[in-house]
Amino acid sequence: MLITFEGSEGAGKSTQIRLLADTLRARGRTVVLTREPGGTDFGEEVRNILKHAPYGDRLTDEAELLLFIAARAQIVREVIRPALKRGDVVLCDRFTDSTVAYQGAGRGMPEDFIRSLNTFATGGISPDRTYLLDLPAEVGLARARRRAEAGAPADRMEGMQREFYDRVADCYRRLAAEAPERIRTLDATLPPEAVFSHIIADSIFR
Ligand code: T5A
């Protein structure tokens, strides 16, 4: 089972993934916890370039898109596909929908082309379930800001205008409306335990 978590900055994906991994492990399931971009040695280097490279302000939208896709091609073959073959549960912090939302709606790159690249990178693997943690952009950005004030390094992907994050959030809502059987939308303004109670009540965990 491949389960992905999506949403804007600071929506609480990592928090929910940790809660779900702990609960499934306590039930005896083998859980692989991973993230995009990242999850492999190559992917983590790509992540660092995308978020923290000193030349990040010169990175073109096209190069950025292809870096996300390259990291995905690697994690699918090195981590996700082998884990699914073993019968493990894979929890992935962001996946293909992020590219449609951020590079498609956010950067304005053609969605059909991004979907083709996603299919190429994943080899056709798609999530069995996706939780969309839905949050007004300003709430997520305020959470991210608090983290920066607490000393987290500057993040190129968190430096966009507010309209960018509004387009991302709107795109996620549209994707959820288009694929209601896969994508479950959760109110991420609720406390973490309340959000998690909706996830764990999902019939796929019975
Ligand atoms: N990206 C990624 C693309 O543009 N295209 C792509 O194809 C892909 C794969 C990744 C960046 O890359 C972009 C999107 C991103 O900009 P990242 O660091 O992984 O960078 O960014 P995020 O995924 O946004 O990770 P964050 O850590 O910012 O957010 P999370 O994981 O959603 O949130 P979390 O759990 O770390 O929580 C953030 C803060 O909020 C608190 C937590 O304690 C924490 O302080 N919190 C809550 N507070 C109140 N109520 C709740 N329910 C809370 N849940 C958590």
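Arg-94 is found in the loop between β3 (89–93) and α4, where helices (H or I, at least four residues) and strands (E, at least two) are DSSP runs numbered from the N terminus. The model is predicted, so that local features require pLDDT of at least 70 and side-chain atom pairs pLDDT 80 or more, whereas totals for chains, interfaces and linings use all residues. Residues are numbered from 1 along each chain as its sequence is written, and side-chain values use heavy atoms, with hydrogens and water left out.

Most residues other than glycine have a negative phi, and most peptide bonds are trans. Phi of Arg-94 is near 80°, a positive value in a residue other than glycine, and at 14% relative accessibility Arg-94 counts as buried (under 20% relative accessible area, with exposed over 50% and partly exposed in between; 1.4 Å probe, protein chains only). A cis peptide bond, with omega of about -10°, joins Glu-36 and Pro-37, and Pro-37 is found in the loop between β2 (31–35) and α2.

The ligand is surrounded by 26 residues, of which the closest are Glu-9, Lys-13, Ser-14, Thr-15 and Lys-51, a residue being included if one of its heavy atoms lies within 4 Å.

By the ring-pair rule (centres of Phe, Tyr or six-membered Trp rings within 6.5 Å; planes under 30 degrees apart stacked, over 60 edge-to-face, the rest tilted), the count comes to 4 aromatic pairs. The rings of Phe-5 and Tyr-131 have their centres 5.4 Å apart and their planes at 45°, so this pair is tilted. Phe-5 lies in strand β1 (residues 2–7) and Tyr-131 in strand β4 (residues 129–134), so the pair ties together parts that are 126 residues apart in sequence. Tyr-102 and Tyr-172 form an edge-to-face pair, 6.5 Å centre to centre with 75° between the planes.
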